[in-house]
Amino acid sequence: MIKALKYIILLILAAAIAFFGWQLYRYLQHPEEIEVLPSKPGDVKEMARLCSMEIYNEVSVLDTVNSKVIFAVQKQSGSISFDMENLQVDDSGDTVKIVLPREIVDIYESNEKNAWEVIDTKAIGPMAFLRNNKFTTAEENRVKSKIKAKAISRLYSNGTVKQARKDAVENLTRLMEGIYRKPVLVSDPTPNGSPK
């Protein structure tokens, strides 16, 4: 019995050595070909933006649609950025002169968990007790479109856009001085921003 077991182990060992030897032979005869593809840039427009401020907001929402009231909380994220392709640059003199373009304000519902939380909904008006209190998806989307417009308006009124433009002037000055290796003057024709 022990003799038979020794032969089986030797047979398995010989098969394993033969298998690995065959794989080594195939690899040395036909090495794997590596295909190199040219790289493709992602969204070039996104890369050509100078982002001066990231935004995170949590806003309470109270609105009426189709004789129904909704109270909810929305978490928002976004940014205030500047399109570098639209920079007006004059580098003909001793000082590089740059005009800061219009800001791009992006606000979205955050993608984190519970970014949109409905606290309560209620039908109002005559015979309200007979109607459904729930908001449809279309009604919620109408509310959300108003929230975005209000949030952007608030960024202008509370000075957030003004601060972002100020930061952009400072960041752009440092960046361009490093590129041009001479003094840079960044002017801002609309320091408070230019809402649409």
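A hairpin of five residues connects strand β3 to strand β4. Strands here are DSSP runs (E, at least two residues), helices are DSSP runs too (H or I, at least four residues), and both are numbered from the N terminus. This is a predicted model, in which local features need pLDDT of at least 70 and side-chain atom pairs count only at pLDDT 80 or more, while totals for chains, interfaces and linings use all residues. Residues are numbered from 1 along each chain as its sequence is written, and side-chain values use heavy atoms, with hydrogens and water left out.

Strand β3 (residues 88-90) pairs with β4 in the antiparallel sense over three bridges; two strands count as paired if DSSP finds at least two bridges between them. Val89 has Ile98 of β4 as its bridge partner. Strand β4 (residues 96-99) also runs parallel to β7, and four bridges join these two strands. Val96 stands opposite Val184 in β7, and Val99 stands opposite Ser187.

In β4, Val96 and Ile98 form a covered face, and Lys97 and Val99 an uncovered one.

**Salt bridges**

The structure holds six salt bridges. A salt bridge is a side-chain nitrogen of Lys or Arg within 4 Å of a carboxyl oxygen of Asp or Glu. Three of them are listed here.

| Pair | N to O distance |
|---|---|
| Lys68 and Glu139 | 2.8 Å |
| Glu103 and Arg165 | 2.6 Å |
| Glu109 and Lys144 | 3.2 Å |

Lys68 lies in strand β2 and Glu139 in helix α3 (residues 137-157), so this pair ties together parts that are 71 residues apart in sequence. Both Lys68 and Glu139 are buried. The pair of Glu103 in strand β5 (residues 103-109) and Arg165 in helix α4 links parts of the chain 62 residues apart. Glu103 counts as buried because its relative accessible area is 5%, and Arg165 is buried at 0%. Glu109 is partly exposed, with a relative accessible area of 32%, and Lys144 is partly exposed at 22%. Salt bridges that share partners join Glu103, Arg165 and Asp188 into one network.

**Thr121**

Thr121 lies in strand β6 (residues 116-123). Why does Thr121 count as buried? Thr121 counts as buried because its relative accessibility is 18%. A polar atom of the Thr121 side chain lies 2.9 Å from the backbone oxygen of Asn133. Apart from its neighbours within four places in sequence, Thr121 is in contact (heavy atoms within 4.5 Å) with Val69, Ile70, Asn133, Lys134 and Phe135.

**Two loop residues**

Asn66 has a positive phi, near 50°, and is not a glycine. Asn66 lies in the loop between β1 and β2 (68-83) and is partly exposed at 48% relative accessibility. Arg181 also is not a glycine and has a positive phi of about 60°. The loop between α4 (160-180) and β7 holds Arg181, which is exposed, with a relative accessible area of 71%.

Methods. Buried < 20%, exposed > 50% of the residue type's maximum accessible area, 1.4 Å probe, protein only. Polar contact = N/O pair within 3.5 Å; in protein donor to acceptor, adjacent residues only side chain to side chain.
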